[in-house]
Amino acid sequence: MARLVLQRLALLVPTLVGLSILLFLWVRALPGGPATALLGERATPEAVERINQLYGFDKPLVEQYLTWVGQLLQGNFGTSTRTGVPVLEEFALRFPATIELTVLALVIAVGVGIPLGYVAARHQGRLLDHTTVVVSLLGVTVPVFFLAFLLKWLFAVQLGIFPSAGRQTPSMIATHPTGFYVLDGLVTREWDAAWDALAHLVLPALALGSIPLAIIARITRASVIEVQNADYVRTARAKGLGRPRLRRRVVLRNAMLPVSTTIGLQVGLLLSGAVLTETVFAFNGIGSFLAAAVFNLDYAVLQGFILFIAVVYALANLAVDVSYGLIDPRMRVR
Amino acid sequence: MSDVDVQDALGPSPDEAPRPRGPRDAGASIWRLAAHRLRRNPGALLGAAIVLVFVLVALFAPLLAPFGPTELPGRTEIRPTYIPGPSAEYLLGLDRYGGDLLSKLIWGARASLLVGVLSTLLGLVGGSLLGLVAGAFGGWVDTVTMRLVDLMLSVPSLLLAVSIAAVIGQSPTAVVVAIGVVQVPIFARLLRGTMLAQRGQDYVLAARSLGLSRRTVTMSHVLPNSVGPVIVQATLMLATAVIEAAALSFLGLGGGSPTTAEWGRMLTAAQNELEVAPRLALWPGACIAVTALGFTLFGEALREALDPKTRR
């Protein structure tokens with residue numbers, strides 16, 4: 001298992017190198033040249049000169065590329081032209097918010113999607129099954145930001161059950177040692193702060209989790225249906241394996257392979273979706289920050305985000321490969 | 001035995017319009033069988049109806065819409081805390097800037113259809129060319145093409161969209177290119193995969209042994225037999241493209257002002273009016289969802305019709 005992880009991590013290197021080359025070309029192709037792009041339109045000639053020296057934008061291409069990568073590796077992503085704060089600092093501030101949101105969304109998607117798909121498959125062709133199919137179809141076709149609107153309008157504006165925006169009530173007095181607000185509340189024993197932060201997370205996470213939930217439910221249903229009709233399941237039944245054990249050890253386990261692939265694929269979708277949901281709920285994470293960066297063509301931020309999301313994406317795929325090994329013993333041998 | 005019976009036994013005469021054939025009829029083409037199954041699938045009919053309405057509305061927008069896409073007929077009736085709702089003159093009411101909501105929805109259908117079709121066409125053509133090259137030549141060409149495709153697949157779509165908009169500017173073209181480019185690797189993989197599967201079939205071997213050149217076999221036999229899944233995918237992609245188009249314009253990548261008649265852009269503007277006039281968000285959102293539903297229903301029914309084994 002450790003070897004598999006190492007192998008996969010090694011494969012990450014060429015992907016990142018390829019991506020960094022693309023990104024480098026992108027930065028060079030930006031209107032106004034790379035220095036202006038990283039500093040903004042109103043950059044002074046001195047500042048442009050400084051950036052050109054720092055990144056070596058006046059040297060041969062290969063050397064430029066290497067200097068640029070070197071700067072990135074040192075965490076020097078440039079400064080946000082919108083806020084004037086170094087990109088890495090902004091990220092450190094907002095990263096926990098997005099992680100909290102996407103993790104909760106994924107928990108909802110997996111926690112509801114898999115049981116839903118499984119139960120639907122067990123009742124194949126009956127009302128419960130049809131309902132699940134329709135609901136999951138709607139989940140895929142209703143745009144995530146529209147669902148966010150609906151939830152906000154219904155539960156926040158009309159019913160007032162959940163807060164409509166932000167990460168925490170502004171008047172709440174809370175300390176934030178980690179930046180993960182729910183965790184902060186738990187660590188510092190400020191229960192009301194943790195609860196408040198969680199309440200702020202519910203609606204955005206529901207909206208964000210809807211599409212992955214629908215997809216996971218569909219795949220689980222299809223996969224379980226396929227497995228429960230497989231010959232080896234019949235054989236196991238014939239050999240006298242009890243139903244609960246059969247379902248847990250044989251059906252569910254075999255059905256989980258395509259599902260785990262799907263879950264891995266959802267991570268990218270979740271990050272894209274986070275940009276939209278965070279915008280609707282004025283949730284101060286990386287997503288809404290990126291949306292603002294798009295509006296203002298804040299290239300330094302975009303560049304940092306592109307690298308960040310690519311790494312997350314690659315790691316998610318790695319996690320999926322590892323989960324294969326855990327689910328299916330045959331994968332461990334290879 | 002009557003004439004009709006004889007006719008039946010011999011099959012339809014060439015002069016007569018063919019009767020609808022049952023799926024068991026020998027010799028019916030795969031497309032004909034598919035059409036037969038589609039007609040009997042309520043989901044397919046619903047999907048096709050939605051798509052048809054959407055396309056007609058988009059095509060005849062100038063005739064259907066009471067006002068032009070940029071007109072603000074109710075400009076003088078808007079108050080900071082009040083936006084007039086549905087009335088005889090404005091069937092779905094006005095928006096924040098005094099535009100007629102119904103007209104903007106109708107013009108928005110046109111924008112969505114244009115972006116959806118153009119981007120999917122871009123993805124379809126680009127991806128099919130790559131897939132065709134990889135599937136037809138095989139060997140190192142295949143390896144290089146597919147590594148390239150893998151690299152494209154590993155870049156999240158939103159990211160690609162943002163990068164493209166950053167380089168060519170915020171415009172509808174950026175949205176089309178962004179959505180289309182994301183689809184390229186999907187189509188490439190699909191066509192290559194089905195072509196590889198077809199290449200192992202007996203009929204290919206038969207064609208080769210008859211002395212047909214590799215090129216003829218690939219272009220006239222393997223390729224036509226491989227397009228089914230690609231067409232299904234394109235239909236499903238139209239749904240994704242409509243949603244993505246709205247999402248990207250919602251984020252402002254499509255450019256234009258807040259008064260632009262585009263569903264995603266209308267949602268951006270509606271954000272601030274949720275407490276005053278939620279219908280400004282509900283209508284465009286429902287339009288996006290229903291259109292996407294139509295394409296999805298039809299695409300999935302088409303998939304089942306072309307390959308009943310995938311039926312779930």
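How are α9(A) and α11(A) oriented to each other, roughly parallel or roughly antiparallel? The two helices are roughly antiparallel, a term for angles over 145 degrees, as against under 35 degrees for roughly parallel. The model is predicted: local features need pLDDT of at least 70, side-chain atom pairs count only at pLDDT 80 or more, and totals for chains, interfaces and linings use all residues. Residues are numbered from 1 along each chain as its sequence is written, with chains lettered from A and ligands numbered from 1 in the order in which they are written.

**Chain A**

Chain A holds 14 helices and zero strands; helices are DSSP runs of H or I with at least four residues, strands are runs of E with at least two, and both are numbered from the N terminus. Of its 334 residues, 40% are buried, that is, they have 20 or more other C-beta atoms within 10 Å of their own. Among contacts in chain A with a separation of 6 or more, 69% join residues 24 or more positions apart; a contact requires C-beta atoms, placed from the backbone, within 7 Å.

Helix α10 (residues 231-238) of chain A lies largely in the open, because zero of its eight residues are buried. After α10(A) comes Gly240(A), with a positive phi near 95°.

**Helix pairs**

The table sets out one packed pair from each chain, with axes fitted to C-alpha atoms over the stretch in contact and angles running from 0 to 180 degrees between N-to-C directions.

| Pair | Angle | Axis distance |
|---|---|---|
| α9 (residues 191-228) and α11 (residues 243-280), chain A | about 160° | 8 Å |
| α9 (residues 202-209) and α10, chain B | about 150° | 11 Å |

The angle in chain B makes α9(B) roughly antiparallel to α10(B). Their contact is formed by Tyr203(B), Val204(B), Ala207(B) and Arg208(B) of α9(B) with Val217(B), His221(B) and Val222(B) of α10(B). These residues comprise five nonpolar, one polar and one charged. Where α9(A) meets α11(A), the contact comprises 18 nonpolar, eight polar and one charged residue. Here Ala, Val, Leu, Ile, Met, Phe, Trp, Tyr, Cys and Pro count as nonpolar, Asp, Glu, Lys and Arg as charged, and the others, Gly among them, as polar.

**Interface**

Between the chains, 33 residues of chain B are in contact with 34 residues of chain A. On the side of chain B that touches chain A, α7 (157-168), α10 (214-250) and α12 (279-306) each supply at least two residues. The largest share, eight residues, comes from α7(B). This side of chain B has 24 nonpolar, seven polar and two charged residues.

Conventions:
Two residues are in contact if their C-beta atoms, placed from the backbone, lie within 7 Å. A residue is buried if 20 or more other C-beta atoms lie within 10 Å of its own, exposed if 12 or fewer, and partly exposed in between; C-beta atoms are placed from the backbone. Angles under 35 degrees count as roughly parallel, over 145 as roughly antiparallel, 65 to 115 as roughly perpendicular and the rest as oblique.
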